[in-house]
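Dear colleague,

Please find the structure below, followed by a short account of what was found in it.

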Amino acid sequence: MREDWNNIFGEVPTSFEARMRSALDSLEERPKVRRLFPRPGALIAAVLAVALLAGTALATDFFGLKALIVDDPYAVVSATSEPAAPGNLIALQGFPNSPEFQANAEWMTYLKYSAPAPDPEAPPVDGKYALYDVTSPAAAQALDAIISKHSLRLHSGVTDFDSEEELYALLGSRPFFTNCAAISGYVYEDGSFQGDGTSVAGKCYEYQFGRYVKGSFSEVTLHVGNTDDYEEWMYTTSRGVAVQLSLGPTRCVLMADLPESFVAVNLLGGTRGDQLFMPEPVTRADLETFAELFDFSALG
Amino acid sequence: MTRDEFAVQIMDMKKTLYHVACGILRSEADREDAVQECILKAWEKQDSLKNDAAFRSWVTRILINECYDICRRSSRIVVLDELPETAAPEQLDNRDLRDAIQKLEDIYRLPIILFYVEGFSIRECSRILQIPEGTVKSRLHAGRAKLRTMLGEEVPV
């Protein structure tokens, strides 16, 4: 297991360690900086300004990312620093009124507050939970209760794919990507899938595409930072599908609630760009162009 | 965090930082540049660390950014198969596995190093790499499959 991977890179060279020590020696002690929060008045003014600039950001006929926030099981509160910003983890399986979203939200709450610590001595859990973060019989029981409550089923198998053609073949679907340069990932037995893709349309879009077939339980979540930083609106593609677009500083989210599945796409860039994937800023127009790259009607 | 406390935590991570740098950069000199910049930036920006418990993940993420900056600055998008043998030390316990990992594509190599070599959890890998947990799992799955192919099923997973 993991122990077998130890030392495969050998020892740290002395020159590397020496450079680390040199960098540390060059650091200057400094007074502790206290982070300041904006005054409430300033905060309200800022929110209103963002809302006005966003135009449709406060529309009530769609669910923004804030409505999709779930408990973050791994947000550790430190005694020595202020707590991490709350509510930065969202579920991706549906809008809040869907059983798929509610089930994942309840599962995250269970993992955060009730799941027992992993016990290395405990017997392995049933193989039917192999595709989920189930590490104890108690967690298996809790998950069973959640999926039973929401009438969902567990995934039972997964198959990798490395190309657009393989994906279409596994799904038995007609093509739904446009200008796709690369896509790879895995497909579940019911046609749900996760893929890492690259598409080119003016600029190079790097993204993670998720399709969640209704009726199945999925525990996929996404850290989106502060949901208040997003500009959000509904957009209808030229093929007539309404999608929710969320434009953030370093990532964007596209969501489409389809008859048989829910699609959530995580674009790895935003208004400030992303150092690793999409260094150039993404604009509203770019995000709408991105939405046109998918024929959602083929995904059901 | 005082400078001494910071230094202790950083030095405790030296193996992790070296392994991650090896996962992206082939030149020993570049790795040293990257770790130096990483340490300076982490010290400068430590106020942006909201959770001390996440220090290890946070510093690792900074290092990854520095490594990619170096790749970008020198216009060397690393295609590992085309590069000469790494300058890493020779006293390796499992040279075949290391070499196979180095031959993996970027998207598989870093999750493998972070999860198997460094022991980060799926969620920590997700945060460090800024990709969904499902994607981390799929990359680990695909990365293992590729390693098996390269090593003839002798992958300890």
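The crossing of α2(B) and α3(B) is right-handed (the near helix is turned clockwise from the far one by less than a right angle). This is a predicted model, in which local features need pLDDT of at least 70 and side-chain atom pairs count only at pLDDT 80 or more, while totals for chains, interfaces and linings use all residues. Residues are numbered from 1 along each chain as its sequence is written, and chains are lettered from A and ligands numbered from 1 in the order in which they are written.

In chain B, helix α2 (residues 14–24) packs against helix α3 (residues 28–44) at about 125°, their axes being 10 Å apart. Axes are lines fitted to C-alpha atoms over the stretch in contact, and angles run from 0 to 180 degrees between N-to-C directions. Helices (H or I, at least four residues) and strands (E, at least two) are DSSP runs, numbered from the N terminus.

From α2(B), Leu17(B), Ala21(B) and Cys22(B) meet Arg31(B), Ala34(B), Val35(B) and Cys38(B) of α3(B), a contact being C-beta atoms, placed from the backbone, within 7 Å. These contact residues comprise 6 nonpolar, no polar and 1 charged.

Helices α5 (residues 95–103) and α8 (residues 133–151) of chain B also pack at about 125°, with axes 10 Å apart. Their crossing is right-handed.

Chain A comes to 6 helices and 10 strands.

How values were computed: Two residues are in contact if their C-beta atoms, placed from the backbone, lie within 7 Å. Ala, Val, Leu, Ile, Met, Phe, Trp, Tyr, Cys and Pro count as nonpolar, Asp, Glu, Lys and Arg as charged, and the others, Gly among them, as polar.
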